[in-house]
Amino acid sequence: EGDSLGTATRREVLQSASAALLSLAVMTTAQASIAAEPATASASSASSASSGSPSSSPSSSSSSSTASNGETVFKEYRGPIALGYSFMHPSTWDVSKKVIKTHLNEVIVTNPQEKKLTIGVVVDEVKIDNIQKFGTPKDVGDRVVNIETKKEGVTSAELKSYEAVKKKDMTYYLLDYEVISSRGPKRFLAVATITGKNLYVMTAQSPSDKFETYQPTIQKITDSFEVKPQYYTP
């Protein structure tokens with residue numbers, strides 16, 4: 001039972017903001033479809049992106065804090081070289097891949113002490129080349145919340161905040177929203193960007209009543225999420 005609950009939670013975090021943003025991609029583009037198993041410019045790059053490579057393994061611990069300080073030690077996770085994303089996460093958290101096989105690339109990081117505190121990253125091909133073509137951060141946030149309210153068991157959803165942030169020539173949309181459902185209230189922080197006609201979404205999920213406790217850790221993870229600019233070649 002515990003394992004099935006964990007799987008359901010993992011599926012939920014991977015399918016939340018990313019699914020909503022993919023829905024927006026469908027609405028934004030002329031071709032209203034995104035392949036469940038996307039093709040890439042070359043078979044070799046598709047294999048690397050989907051299955052990962054030695055470079056996709058987490059790197060060694062990297063943090064200014066030490067365990068003796070009583071602070072959380074973070075280490076870096078790097079996705080496949082072909083996709084060029086990375087982020088920091090607590091060194092004691094569990095990292096798993098390929099929970100569901102409907103994305104170009106996917107990874108999930110879970111707090112072993114609080115299984116409902118989860119960070120998911122998914123990458124999918126889209127037909128547009130920058131996040132601004134979805135609309136403003138508020139436009140995207142409103143649509144994400146609207147899609148959430150249509151899900152089974154959801155009674156309400158509220159957009160708490162939204163903003164656009166530029167880092168190293170990349171624009172990221174940051175969304176903070178809460179969803180009330182039959183599973184209880186949950187708080188989400190999502191970071192999304194597009195480059196090389198790939199949509200990258202990191203979604204952090206926490207029970208609402210524990211959000212303030214975990215917010216500093218969640219914020220450090222989401223702030224660390226970076227994607228290298230990619231150049232699309234048809």
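Which residue in β2 is the bridge partner of E76?

1. That partner is M88, and the pair belongs to a predicted model, which should be kept in mind for everything below. The two strands concerned, β1 and β2 (residues 85-90), pair in the antiparallel sense over five bridges.

2. The sheet that contains this pair is open and has three strands in the order β1-β2-β10, with antiparallel pairing. Because β1 (74-78) and β10 (226-227) each have a single partner strand, they stand at the edges, and one side of each is left without a neighbour in the sheet. Helix α5 packs on this sheet, where it touches β1, β2 and β10, and its direction makes about 165° with that of β2.

3. A further open sheet is formed by seven strands in the order β3-β4-β5-β9-β8-β7-β6, again with antiparallel pairing. Its edge strands are β3 (94-97) and β6 (154-167), each of which pairs on one side only. On average, and with direction ignored, neighbouring strands of this sheet are turned by 15° against each other.

4. S181, in strand β7 (residues 170-181), counts as buried because its relative accessible area of 16% falls under the 20% cut-off. Leaving aside residues up to four places away in sequence, S181 touches G153, V154 and T155.

5. D209, by contrast, lies in the loop between β9 (198-207) and α5 (211-224), and it is exposed, since its relative accessible area is 67% and the cut-off is over 50%. The C-alpha atoms of D209 and R187 are separated by 8.8 Å, although these residues are 22 positions apart along the chain.

6. For the chain as a whole, there are five helices and ten strands, and buried residues make up 46% of the 234 residues. Of the contacts with a separation of 6 or more, 54% are between residues 24 or more positions apart. The chain exposes about 11,400 Å², of which carbon and sulfur atoms supply 49%.

Note on methods:
Residues are numbered from 1 along each chain as its sequence is written. This is a predicted model: local features need pLDDT of at least 70, side-chain atom pairs count only at pLDDT 80 or more; totals for chains, interfaces and linings use all residues. Side-chain values use heavy atoms; hydrogens and water are left out. Helices (H or I, at least four residues) and strands (E, at least two) are DSSP runs, numbered from the N terminus. Buried means under 20% relative accessible area, exposed over 50%, partly exposed in between (1.4 Å probe, protein chains only). Contact means heavy atoms within 4.5 Å. Accessible areas come from the Shrake-Rupley method with a 1.4 Å probe; for residues, only the protein chains shown count as cover. Two strands pair if DSSP finds at least two bridges between them. Axes are lines fitted to C-alpha atoms, for helices over the stretch in contact, and angles run from 0 to 180 degrees between N-to-C directions.
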